[in-house]
Amino acid sequence: MTDEEVALALQRQFDRESDVARAVVSSSTVQFTPDRYHPKTQQETDSEDEDDDALRQAATDMLYAKLDAENASDERRRPAGESSSSTRSKHDIATSAHRNADKTFNDRNSLPTGDMVGDKINNKVYNKLMAFGKSETKRQMRQKDKEEKATMDTSVDSDTRLMLLKWINQEVFDSVDGIIATGKESAVLHAAKNQETSYAIKVYKTTLSEFKNRSEYVKDDFRFKNPRGVLKIWAEREFMNLSRMAKNGLPCPQPVKVRRNVLVMSFVGADGLAAPRLKNVEWEFFTDEERRAVYDQVQSIMCRMYKDCLLVHADLSEFNLLLTPDNKVHVIDVSQAMDLSHPRCLQFLTRDIHNIIAFFTRIGTPNMPTAVQLFNLITQLEMADDQDLLVQVEQFSEENRSVDLRHDKSRPADMELKKYNEEKKVNRGVSPAREYN
Ligand SMILES: Nc1ncnc2c1ncn2[C@@H]1O[C@H](COP(=O)(O)OP(=O)(O)OP(=O)(O)O)[C@@H](O)[C@H]1O
């Protein structure tokens, strides 16, 4: 068989299939025969199969009979000189219009079209429809993405909402009425009780990979070595650090409640308005003395966190210090604050010191100490003022690996966890649900 013969044979097969498809479309009628939908017995099945075969054969016969008739009439309609054997390619307008309609209504198109049959769609319209379908699909995916992100942004998923409702029922607060801020790691909501007391509810985004990268803060903190439940949950870590700080009288939010990834604490601000972060304070309206007084408070917070609470904030900057209208500084965001048992706590302290000194120098605070002076004041260590602080800290850590910055290491930790678990038990005891269980 030559190439030409093969091509002609293929062409004939294509023409025949295309004619059959058209004939099916034009002759298709849907019949509904209720009898056929009666429950069948096994005996009935065989005879029905035979019936179906007969029916199929009859339909095929009818189809080809119709086809022959149509071909004959086509022949009559053809202009003189154009024979029925002239080749019809896939580019034939009528064929491709049918094929376009078939694709549009049956498979390729993502647009909802209904199930029309027997229509024609020319190439131009078909191409436009396909392009529109694609862009519409992309738009819908973008929209869906946005909606999911919006829930992520506020972090108030249905579980959290349920928990907040439970706390409203338990009269911890009586309304949750707005978002104070959304950060990389959490959303902070405002709640109120009796229109008098305000609370800040911090909802951690447990899903974000950001948190997975934060293990450097906990991995060497002896308080979080064992208790698996605590290690995983940053809200509980912040609750414990706040408890320790509040107990020592530091100006920070008072922890109220923690459950899973949600922490309730007292609200820092006035009349429902959160106190601004030092970053957002309008310093041009402050005198030098006032700026210095604000710095002194921050310095005192750093010293007391280290000496009284045995903690290093580890993320201290103008973003995590709030200034109330009476010019009082409060420290927040202590989930990553680390115990002095952490082997790299001095390096984190050095970073905090550099952040604070850089900020207060930038806003023109007078008589700022050097980083080494502040470090020595906080730690009571004696670093040389004429050398780089971090280099000295690295050297100190290397040479004093066995030196414990906190000497009462094991007892307070055990006590802290024990006390924390006891508090949890007490909290569970007051749940009204227990009466029914
Ligand atoms: N107790 C509070 N009272 C009033 N406002 C608060 C309180 N806690 C947090 N905020 C507000 O919520 C913001 C975010 O809180 P926080 O810094 O604890 O969360 P975060 O997720 O660590 O934020 P970021 O990633 O931006 O540091 C704070 O900048 C502050 O404005």
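Buried here means under 20% relative accessible area, with exposed over 50% and partly exposed in between (1.4 Å probe, protein chains only). At 5% relative accessibility, Cys252 falls in the buried class, and Cys303 is buried too, at 11%. This is a predicted model, where local features need pLDDT of at least 70, side-chain atom pairs count only at pLDDT 80 or more, and totals for chains, interfaces and linings use all residues. Residues are numbered from 1 along each chain as its sequence is written, and side-chain values use heavy atoms, leaving out hydrogens and water.

How many disulfides (cysteine sulfur pairs within 2.5 Å) does the structure hold? The count is 0. For Cys252, the closest cysteine sulfur is that of Cys309, and at 7.9 Å it's too far for a bond.

Now for a helix pair. Helices are DSSP runs of H or I, at least four residues, numbered from the N terminus. Helix 10 (residues 288-307) and helix 11 (residues 345-362) have axes that come within 11 Å and cross at roughly 175°; axes are lines fitted to C-alpha atoms over the stretch in contact, with angles from 0 to 180 degrees between N-to-C directions. The two helices are therefore roughly antiparallel, a label for angles over 145 degrees.

As for confidence, pLDDT (the predictor's confidence in each residue, from 0 to 100) averages 77 for the protein, with 65% of residues at 70 or more. Over residues 30-46 it stays under 50.

Terms used:
Parallel < 35°, antiparallel > 145°, perpendicular 65-115°, else oblique. Disulfide = S-S within 2.5 Å. Contact = heavy atoms within 4.5 Å.
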